Amino acid sequence: MSLWTGFLRSDGRKGIRNGLAVVYLVECAHHVAREVASPYRDAGANLIGFPGCYPNRYADTVMRRLCTHPNIGAVLLVSLGCESFDRNGLAQTIRASGRPVHTLVIQETGGTRRTIAEGRAWVEQTLKELAQQPRVPMTWSELSIGTICGGSDATSGLTANPVIGRAFDRMIERGATCIFEETGELIGCEQHMAQRAQTPELGEQLIRSVAKAEVYYATLGHGSFAPGNAAGGLTTQEEKSLGAYAKSGTSRIAGLIKPGDIPTVGGLYLLDVVPDGPVRFGFPNISDNAEAVELIACGAHVILFSTGRGSVVGSAISPIVKICANPETYRRLSEDMDVNAGCILDGSGTIHSVADQVVELVQQVAGGQPTASEALGHQEFILGYKHFEPTGPSCLPLVQIGGQR
Amino acid sequence: MANSETSTAPLLLRLSDADNIAVAVRALAAGTRDMGVTLTQPVPVGHKVALRAIAAGEKIVKWGMPIGSATQSISAGEHVHTHNLKSDYLPTFTLDDGKKFVEDHP
């Protein structure tokens, strides 16, 4: 049954947006890329990029996934010229996916002004072509939904997180793929998670992923517990964990994936965002948008963002639906929020009723309705350095799409 | 619900029958009465209140699961937070527990 229309891509996936990614391949090309994209932001241009000059396999994989994400219809690569990012390999992956792609090398094009002019001309022309692309019917089994929380307080675990868990259960029943993440925020929940795994082998891997996160964060000398969490009434790591864990709902866990792994069958997946091996590049994710980017690299079309103290962020590529847990925060920041889950605390809503509202809203957003952060022009994006070993066979039912790890 | 106010909105929320704390669903003043306890001090929204006397070392239970241990005796109606509750995980239990698991499961 078709519920809304989307955009068919050559790998069989469908997008709910038809964006054009403008990609800087090193920080030195960021300004030029931003100048190219900014006049077309509200017409579908998405500014993304990688700041580093040194190569990184993880960043290379994630960038290939992002540039062939179903919500993206065309890509402009902006290179300084001497950075080590494999721009030819990336362009080849994008071209092989059937998307229009163009590369501008600032050092060859003749500097800032000429590159901006050439870039804008290409973007303007390509956006016109994208506007001609036909829409095709789309349904829940073709939709992937991720979830994160940011600016949590004690209300997050009382309202918005259980609401997301309930919404996840309902969307999974309809065939959707749902992804939760941040193993460092699941310390204390690992045994319960293992009991929900589809197989005992997967259960062991789930426990192991949390143990890896414990060691990683302890080596850094920090948990994910921030001072703002305590001000909001959360006292301990495990209290925060249980509140965050509520976002996963009650479905069986179908797989444990790493950034860039794309599930091919519906169900509930845990995204392991903590790098493998020794601590090399610092914190696993330095802020909420780094997690959003990894969910998008795993194919998420939409992200449900639970916030208590009030985050205003959006994201490039995939819309963020902000579900506000705290009624006082909602009153202050209502323009930035999509759903007021805080109504559960004043007795005017229930977890069930707000979850129904979320599922309905996801369907509308999939059909093209802008979220609050989209309407306000938010396009936050972060991609840094990491190291992962390939995902083990006991972790997944999945297939690699569009390039190798 | 034994609210002292006439409002139908809840004041304290108990998430599971096994819990020995409840959560303030809005900022509450000292002296507020609900769920059989009287608040001994003001409690901000989202913060925890003891529903009965809790001994030092006893687990604090929320969502039916332990969230840490009391570091001192806590009276019914008292604010439960960093001054009287500590994690059973971070910072010490964590490192050893995680390392042991990784060593045991190469």
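How much space lies in the largest pocket? In this predicted model, the largest pocket holds about 560 Å³ of space, while a search of the whole structure for cavities of 30 Å³ or more finds one.

**The largest pocket**

- The lining of the largest pocket is made up of 28 residues, and those that lie nearest its centre are A:R17, A:R41, A:D42, A:G44 and A:E374.
- Two or more lining residues come from each of strand 4 (45-49), helix 5 (112-131) and helix 14 (372-375) of chain A, and helix 5 of chain A gives the most, with three residues.
- Sorted by class, the lining of the largest pocket comprises twelve nonpolar, eleven polar and five charged residues.

**The largest cavity**

- The volume of the largest cavity is about 60 Å³, and its lining includes A:C149, A:S152, A:D153, A:L234, A:E239 and A:K240 from chain A, together with B:W63 from chain B.
- Helix 10 (residues 237-245) of chain A provides the largest share of that lining, four residues.
- The lining of the largest cavity divides by class into four nonpolar, five polar and three charged residues.

**Helix 13 of chain A**

- Helix 13 of chain A, residues 351-366, contains 16 residues and spans 22 Å from its first C-alpha to its last, which is close to the 22 Å expected at 1.5 Å a residue.
- The buried residues in helix 13 of chain A are A:V354, A:A355, A:V358, A:V359, A:L361, A:V362, A:V365 and A:A366, and because they cover an arc of only 165° around the axis, they lie on the same side of helix 13 of chain A.
- In general, an α-helix has 3.6 residues a turn, so residues three or four places apart point the same way.
- The elements of chain A against which the buried residues of helix 13 pack include strand 1 (4-8), strand 8 (144-149), helix 6 (160-173) and strand 13 (302-307).
- After helix 13 of chain A comes A:G368, which has a positive phi, near 120°.

**A:E118 in helix 5**

- A:E118 is located in helix 5 of chain A, and it counts as partly exposed because its relative accessibility is 41%, a value between the limits of 20% and 50%.
- When residues up to four places away in sequence are not counted, A:E118 touches A:L104 and A:T109.

How values were computed
Residues numbered from 1 in each chain as written. Chains lettered and ligands numbered in written order. Predicted model: local features only at pLDDT ≥ 70, side-chain atom pairs only at ≥ 80, totals over all residues. Heavy atoms only, no water. 1 Å grid on protein atoms, 1.4 Å probe; cavity = no way out; pocket = protein on both sides within 12 Å on 5 of 7 lines; lining within 4 Å. Points joined across faces, edges and corners; volume = space filled by probe spheres on them. Nonpolar A, V, L, I, M, F, W, Y, C, P; charged D, E, K, R; others polar. Expected span 1.5 Å × (residues − 1). Buried < 20%, exposed > 50% of the residue type's maximum accessible area, 1.4 Å probe, protein only. Arc of directions from axis to C-beta. Contact = heavy atoms within 4.5 Å.
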